Protein chains: 2
Amino acid sequence: MSFVPKSDRPTILDVARRAGVSKGLVSFALNDRPGVSAETRKRILEVADELGWRPSVRARSLSTDRAFALGLVLARDPDIIAGDPFFPSFISGIESVLAPAGQALVLSMVEGEEAEARSYRQLASHGRVDGVIISDLRANDSRLALASELELSAVTLGRPDIASPFPAVTVDDAAGIRDTVAHLADLGHTRIAHVGGPAVMLHGRRRRDSFQEAMRERGLSDDILIETDFSAAEGAAATARLLALTDRPTAIVYSNDPMAIAGLGVAQRAGLDVPRDLSITGFDGSDVGGYLHPSLTTVKTTARKWGEAAASALLRLIDGEQVADIDLDPAALVVLDSTAPPRSTTSGNAAAPIHEGERT
Amino acid sequence: MSFVPKSDRPTILDVARRAGVSKGLVSFALNDRPGVSAETRKRILEVADELGWRPSVRARSLSTDRAFALGLVLARDPDIIAGDPFFPSFISGIESVLAPAGQALVLSMVEGEEAEARSYRQLASHGRVDGVIISDLRANDSRLALASELELSAVTLGRPDIASPFPAVTVDDAAGIRDTVAHLADLGHTRIAHVGGPAVMLHGRRRRDSFQEAMRERGLSDDILIETDFSAAEGAAATARLLALTDRPTAIVYSNDPMAIAGLGVAQRAGLDVPRDLSITGFDGSDVGGYLHPSLTTVKTTARKWGEAAASALLRLIDGEQVADIDLDPAALVVLDSTAPPRSTTSGNAAAPIHEGERT
DNA sequence: TAGGGTGACTAAACCGGTTCAGTTCTCCGG
DNA sequence: CCGGAGAACTGAACCGGTTTAGTCACCCTA
């Protein structure tokens, strides 16, 4: 009859017995609650340490009705997210806050708004998360009401267009767009187009509005606009349409990098010299943009910081703190080689022919 | 004294009382266990449905010692992941299996191997997940032993180079590389370079080995190799070095798309005409590659299917099933415009000058 | 010296499931 | 007609924490 070593991790009861107290007192000591004498607390913590005891998240979860986890639901087409450098950096920012706090991130990637709502409901009803980060805000976004209904805490990325019970963590990308327009206008461009994201997405709309505002301020016409779904495919299609215009723009401001890169390809395939025949700018700063020929002038946002700020705000909110809106450093224009003065400031008709051996 | 409506969700006890049975029996009925008569089971399930009862994941978690969640730990630099279209599609594939199964995905993004190990330990000790998907396998990967030690179930993406207790879910990317080399050789290329990922990563190494093998089979020299970290930056640097060779290659096979795109930019900036002076191929098939000028010949892997297969294999494994290795459809070459016959098959010295108005 | 207040601590209920040891009832064979 | 097996079901322990009500010793005050 040999001694069987107990392989299981110690529980609060092991600690209590070893310290000669009740398990309730161990719980008090651990959670810094009053009613424990200083020396007893010390002894308990020492024993806990000695035994290598870590309280079970599951048990705490059941008794405190908390998940100790945050949720992020992404509802965009994976192919579009794939081109977007935002989320990996953003998530790594979240993670850097969560890991030290002993919290976890539950990620859900779905397609379509119904699946999105279902996902939120599932996270809530399964008690998987205590709060959610609401990204890619849409106009009149139903997720605000949904999160309230589900009694989830939440922070929004950007400020909603409707009354919101949740703190917003914001980056002023309007500044980046304004700088972009100013940069192009200073170079001498007057016909500037904007290829934007879906207007139903607030940041898509905001960038478009900022574009128009900046154009008007300069006395330039603000109506060469095309709305897309943020995909490279639609960015390419939009570019083709713009280049086919009789009085075509000399510069295009894209709302993200994948579209700008696709647009660059389309322009080059049409025989245009970028930036001499056409200036191009992106948004969100992908790594690869800097290595294109020409390298891409873009607006860099600080996705990682955004993730950190959102996660820590949400944790504080869940802890019952009052959390105010947070404004992060504005997005910054990075000027590289895809922008230059238009070929001829006065007469723009010396441009290269639009059509040329296109394939596909 | 008014009646206070009970806002909380029903528990198993509510169901039991309403059905006139003990809560144990409700549990049996729910889990399809023997010992419940057909009509009683029916009644219980009806009552459960009527009350809208869903068993609490937390409570089940505590009593069954299961998390009902899977973990994915990504240990690459976020900037590198950002350029890689693989993970979003992969994750969406995972999700499509998990959501209907009532399981969740816990995602962790860290930098460095120590942080990676810490993350696995935390997931395990907090009981956050029942199993993990091990991606980006490395040579002699310590995570296999770690997962065993932590008593986590696991599946690996690709076959490890050491004995593994876990099922592998594999895509034969060797086929894609072989096809790529065959395609280039058929076009008449003889000096073909390979810009690969880190050799410590098995898929980086595998692609390189496949490249060398395919080259040797054709009787071509297989030693123009550069190893990188998969980043656009190193892809660009590698390209610059290759172009500076006295007898420079007429084609470059890159191990992922971001490097190929960066390489394309470098070549063009050096005044080369791609594909006439230099053919270029990518790997993994980013969305944007198809819109570049020239559009990028690449190898498309089915990331989404990979995610589905890995998740469902892992769920079955956790359920105690025996799971065999799974081989998915091999990666397929997609020929677009970035590959063409070399300018001159016999004498290659009519190439354009390397240096030209470079900025940055 | 009784009464009241306070600090330290314990016992037990509780969170919402699962599981196991029994209990009851029915049916069947000898 | 009795004994035993098996099906259907119950009651309670259990998972590992938190929380509340209550006990006890001690000190201070009138």
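Two strands count as paired here if DSSP finds at least two bridges between them. Everything in these close-ups comes from a predicted model.

**View 1. Strand E6(B) and its partners E8(B) and E7(B).** Start with E6(B) and strand E8 (residues 251–254) of chain B: they run parallel and are joined by four bridges. Look for Ile192(B), whose bridge partner in E8(B) is Ala251(B). Strand E7 (residues 225–227) of chain B also pairs with E6(B) in the parallel sense, this time over three bridges. There, Ile226(B) in E7(B) sits opposite Val195(B). To get from E6(B) to E7(B), the chain passes through helix H10 (residues 202–217) of chain B, making a right-handed β-α-β crossover.

**View 2. Is strand E6(B) enclosed or open, and why?** Five of the five residues of E6(B) (residues 192–196) are buried, so the strand is largely enclosed by the rest of the structure. Check both faces: Ile192(B), His194(B) and Gly196(B) are buried on one side, and Ala193(B) and Val195(B) are buried on the other.

**View 3. Where chain A meets chain B.** Each chain puts 52 residues into this contact. On the chain A side, the elements supplying at least two residues each include helix H6 (86–98), strand E2 (104–109) and helix H11 (232–243). The biggest giver on that side is H12(A), with seven residues. By type, the chain A side splits into 25 nonpolar, 18 polar and nine charged residues.

**View 4. Strand meets strand across the two chains.** Zoom in on E2(A) and strand E2 (residues 104–109) of chain B, which run antiparallel and are joined by two bridges.

**View 5. Inside the nonpolar cores.** The largest nonpolar core holds 188 residues, and those touching the most other members are Leu105(A), Val132(A), Ala310(A), Leu105(B), Val132(B) and Ala310(B). Follow Leu105(A): leaving out residues up to four places away in sequence, its contacts include Ala69(A), Leu72(A) and Ile94(A), plus Val106(B) and Leu107(B) from the other chain. There's also a second, separate core of ten residues, with Leu25(A), Val26(A), Ile44(A) and Val47(A) among them.

**View 6. The surroundings of DNA strand C.** Sorted by type, the surface near DNA strand C has ten nonpolar, 13 polar and three charged residues.

Key
Residues are numbered from 1 along each chain as its sequence is written. Chains are lettered from A and ligands numbered from 1 in the order in which they are written. This is a predicted model: local features need pLDDT of at least 70, side-chain atom pairs count only at pLDDT 80 or more; totals for chains, interfaces and linings use all residues. Ala, Val, Leu, Ile, Met, Phe, Trp, Tyr, Cys and Pro count as nonpolar, Asp, Glu, Lys and Arg as charged, and the others, Gly among them, as polar. A nonpolar core is a set of buried Ala, Val, Leu, Ile, Met, Phe, Trp, Tyr and Cys residues joined through C-beta atoms within 7 Å. A residue is buried if 20 or more other C-beta atoms lie within 10 Å of its own, exposed if 12 or fewer, and partly exposed in between; C-beta atoms are placed from the backbone. Two residues are in contact if their C-beta atoms, placed from the backbone, lie within 7 Å. A crossover is right-handed if, with the strands pointing away from the viewer, the path from the first strand over the helix to the second runs clockwise.
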